[in-house]
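The following report describes how the parts of one protein chain are arranged and how they meet.

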Amino acid sequence: MPKVIDHDERREHIVDVTWGLIVRGGLEAATMREIATAAGFANGALKRYFPTKDDLVEATFDRALSMMNKHISGSLTDSSGVEALRAMCYGSMPLDAKRVTAGRVLMAFWEMSLSNKHLHARYQEHLKTWRGFLHEHIRRGRQDGDILTSTPDDQLVDEIVLMTAGANVMSLVGPRFSTRKLLRLHLDTFFARLAEA
């Protein structure tokens with residue numbers, strides 16, 4: 001009887017392998033040949049699951065976003081305003097080994113998106129959604145009376161995006177400037193400022 005092949009499982013395995021290669025050696029290490037070898041496939045066999053390297057990088061990027069979103073959504077149950085805003089910020093910061101690793105994969109994606117219009121558009125869409133959530137929670141925080149600062153909402157959103165993206169980059173290239181203690185201090189300072197009129 002022929003063996004039943006679980007194609008979804010194979011796709012996940014290929015993404016696992018790509019993830020590991022990117023984490024260990026960056027995007028350059030994740031060639032289709034290296035991925036195929038590490039996954040136990042003939043080089044051409046990958047094309048059945050991922051026709052191009054860009055498709056595979058995009059699937060790996062989706063996993064990184066999914067990991068971060070899981071951290072965020074796990075903290076957002078029945079919360080809004082400042083509470084939800086805090087959960088989103090903490091959830092997207094590299095405060096544990098898994099999120100540092102996810103940041104490494106995101107950096108590889110950011111690099112590739114500079115020369116790939118489709119991947120760039122995907123990231124822009126993610127950024128638009130992310131910023132929309134931040135704006136909504138800031139609006140609710142003001143409505144609840146928890147956010148008193150006169151700093152415009154757009155500026156607050158910019159600060160959060162730059163703080164979280166910068167933290168992910170620095171956790172990889174300058175970890176002594178991005179320790180968990182420092183990240184928590186920056187977040188606490190930011191949220192204390194929101195409550196100041």
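In this predicted model, helices H5 and H7 pack at an angle of about 100°, with their axes 9 Å apart. Because angles of 65 to 115 degrees count as roughly perpendicular, H5 is roughly perpendicular to H7. On the H5 side the contact involves Arg99, Val100, Gly103, Arg104, Met107 and Trp110, which meet Ala165, Asn168, Val169, Ser171 and Leu172 of H7. By residue class, this contact of H5 with H7 comprises six nonpolar, three polar and two charged residues.

H7 also packs with H8, where the two axes come within 12 Å and cross at roughly 175°. Since angles over 145 degrees count as roughly antiparallel, H7 is roughly antiparallel to H8. Here H7 contributes Leu156, Glu159, Ile160, Met163 and Ala167, while H8 contributes Leu183, His186, Leu187, Phe190, Arg193 and Leu194. The residues of the contact of H7 with H8 divide into eight nonpolar, one polar and two charged.

| Helix pair | Angle between axes | Distance between axes |
|---|---|---|
| H5 and H7 | about 100° | 9 Å |
| H7 and H8 | roughly 175° | within 12 Å |

The loop between H7 and H8 holds Phe177. Leaving aside residues up to four places away in sequence, Phe177 touches Met170 and Leu182. Phe177 and Ala167 are ten residues apart in sequence, and their C-alpha atoms lie 8.7 Å apart in space; Ala167 is also one of the H7 residues in the contact with H8.

As for the chain as a whole, it has eight helices and zero strands, so that the order of elements from the N terminus reads α-α-α-α-α-α-α-α. Taken along the principal axes, the C-alpha atoms fill a box of roughly 70 × 35 × 30 Å. Of the 197 residues in the chain, 42% are buried.

Ile14 is one of the buried residues of H1, together with Val15, Val17, Thr18, Trp19, Gly20, Leu21 and Ile22. Beyond residues up to four places away in sequence, Ile14 touches Ile35, Phe41, Leu46, Tyr49, Phe50 and Leu56. H1 itself has 19 residues and reaches 27 Å from its first C-alpha to its last, close to the 27 Å expected at 1.5 Å a residue. Just after H1, Gly26 takes a positive phi of about 80°.

H4 has twelve residues and spans 17 Å from its first C-alpha to its last, close to the 16 Å expected at 1.5 Å a residue. This helix is mostly covered, with ten of its twelve residues buried.

Key
Residues are numbered from 1 along each chain as its sequence is written. This is a predicted model: local features need pLDDT of at least 70, side-chain atom pairs count only at pLDDT 80 or more; totals for chains, interfaces and linings use all residues. Side-chain values use heavy atoms; hydrogens and water are left out. Contact means heavy atoms within 4.5 Å. Helices (H or I, at least four residues) and strands (E, at least two) are DSSP runs, numbered from the N terminus. The expected span of a helix is 1.5 Å times one less than its number of residues. Buried means under 20% relative accessible area, exposed over 50%, partly exposed in between (1.4 Å probe, protein chains only). Axes are lines fitted to C-alpha atoms, for helices over the stretch in contact, and angles run from 0 to 180 degrees between N-to-C directions. Angles under 35 degrees count as roughly parallel, over 145 as roughly antiparallel, 65 to 115 as roughly perpendicular and the rest as oblique. Ala, Val, Leu, Ile, Met, Phe, Trp, Tyr, Cys and Pro count as nonpolar, Asp, Glu, Lys and Arg as charged, and the others, Gly among them, as polar.
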